[in-house]
Amino acid sequence: MNQSLVYLNGEYMPLKDAKISVLDRGFLFGDGVYEVIPAYKGELFYFSDHVKRLQHSLQRISLEIAYDSAKWQNILTPLLDKNRNQAIYLQVTRGVAAKRDHVFPEIITPTIFAMANDIQPLDSIQAGIKAVTLDDSRWGLCDVKATTLLANVLLKQQASTQQCAEAILIKDGNAIEGAASNLFVILNNTLITPPKSSKILAGITRQIILELARANGLEVHEREITLAELQIADEIWLTSSTREIMPVIHLDGNPVAAGKVGSIWQQMNTWFQNNKTPTL
Ligand SMILES: Cc1ncc(COP(=O)(O)O)c(C=O)c1O
């Protein structure tokens, strides 16, 4: 399908024709949630896990939508292109209210929007990225994939002004996750990632990496990572659906270990790419 076609509230249309009201609560309050789902050559990747997370986000913000996985898939399928690798963006807001009021309106129809963008090549990322540690200034519901992303935007911007591709967020002396990614470190040949909680988004890429590590006999621990451990880690990875597994080779201006992409990253990336192959 034409890349510029998008879905809005039951219809497909060119991006330029997709319009919403200024009274949409997504616009006024960031009152909505979203998903980003990779689709390789027309096949949605780990789709049921993305739907489960969307349902979790919707339930956490008390927004009821009685769509099952098949219904979501029907909505997204016309946006898929067999000749491309795409990132499918799906957003649901609480909808358009009669007036601006923080309290939920009693009757309202959610706004549902979806678009597809090409996934950018990962070669430069996979050569190793720079990251900076910053205080985690986000709210207490980080398990919700909320469109309310102002803190993440400011953190990523701060990282960008320091020529860094990501910010690693620090809270109470622990490294939590990236501004738009999950965190893994290698210490003594062991893979460590912070446990699922309301302090992190439960990434689908995180889950795939944990599955691959366990299936291949790499020792894994889901536990807190202190800032001191982050600073002496043998490898640091940041993961997300569209940027996969990013090896961090510089942290706060210092090389991570030898300042090169690590051998366990190489191994994990091979497992990850092989795991993708059936859907390519
Ligand atoms: C804050 C945050 N953590 C983690 C992730 C990674 O999630 P996933 O692997 O499902 O893309 C993202 C993705 O955008 C994110 O924004």
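Biologist: Which domains does the domain assignment give for the chain?

Modeller: Keep in mind that this is a predicted model. The assignment gives two stretches of the chain. They are domain 1 (5-118) and domain 2 (123-279).

Biologist: What distance separates the centres of domain 1 and domain 2?

Modeller: The centres are taken over C-alpha atoms. On that basis, domain 1 and domain 2 are separated by 26 Å.

Biologist: How many residues does the contact take from domain 1 and from domain 2?

Modeller: Both domains contribute to the contact. Domain 1 gives 21 residues, and domain 2 gives 14 residues.

Biologist: In what order do the six strands of the open sheet run?

Modeller: Start with the pairs. β1 (residues 5-8) and β6 (residues 111-118) pair over two bridges, while β5 and β6 pair over eight bridges. β3 is joined to β4 by two bridges. The pairing in the sheet is antiparallel, and the order is β2-β1-β6-β5-β3-β4.

Biologist: Which strands stand at the edges of that sheet?

Modeller: An edge strand here has a single partner strand, so one side of it is left without a neighbour in the sheet. That applies to β2 (11-14) and β4 (43-44).

Biologist: In β6, what is the bridge partner of Tyr 7?

Modeller: Other bridges give the pattern. Thr 93 has Thr 111 in β6 as its bridge partner, and Tyr 40 has Glu 43 in β4. For Tyr 7, the partner in β6 is Ala 114.

Biologist: Is Ile 192 buried or exposed?

Modeller: Ile 192 is found in strand β11 (residues 190-193). A residue counts as buried if 20 or more other C-beta atoms lie within 10 Å of its own. Ile 192 has 21 within that distance, so Ile 192 is buried.

Biologist: Which element gives the largest share of the shell around the ligand?

Modeller: The ligand has 13 residues around it, and Leu 201, Gly 203, Ile 204, Thr 205 and Ser 241 come nearest. α6 (204-215) and β14 (235-240) are the elements giving two or more residues to the shell. By class, the shell has four nonpolar, seven polar and two charged residues. The largest share is three residues, from α6.

Biologist: What radius of gyration does the chain have, against that of a compact globule?

Modeller: The C-alpha atoms fill a box of roughly 55 × 40 × 30 Å along the principal axes. With 280 residues, a compact globule would come out near 19 Å, which agrees with the chain's own value of 19 Å.

Biologist: Among contacts between residues at least 6 apart in sequence, what percentage join residues at least 24 apart?

Modeller: For background, the chain has eight helices and 16 strands, and 34% of its 280 residues count as buried. Of the contacts you describe, the share joining residues at least 24 apart is 69%.

How values were computed:
Residues numbered from 1 in each chain as written. Predicted model: local features only at pLDDT ≥ 70, side-chain atom pairs only at ≥ 80, totals over all residues. Near = placed C-beta within 6 Å. Helix = DSSP H or I, 4+ residues; strand = E, 2+ residues; numbered from the N terminus. Nonpolar A, V, L, I, M, F, W, Y, C, P; charged D, E, K, R; others polar. Domains from an automatic or database assignment. Contact = placed C-beta atoms within 7 Å. Rg over C-alpha atoms; globule rule 2.2 N^0.38 Å. Buried ≥ 20, exposed ≤ 12 C-beta atoms within 10 Å, placed from the backbone. Pairing = 2+ DSSP bridges.
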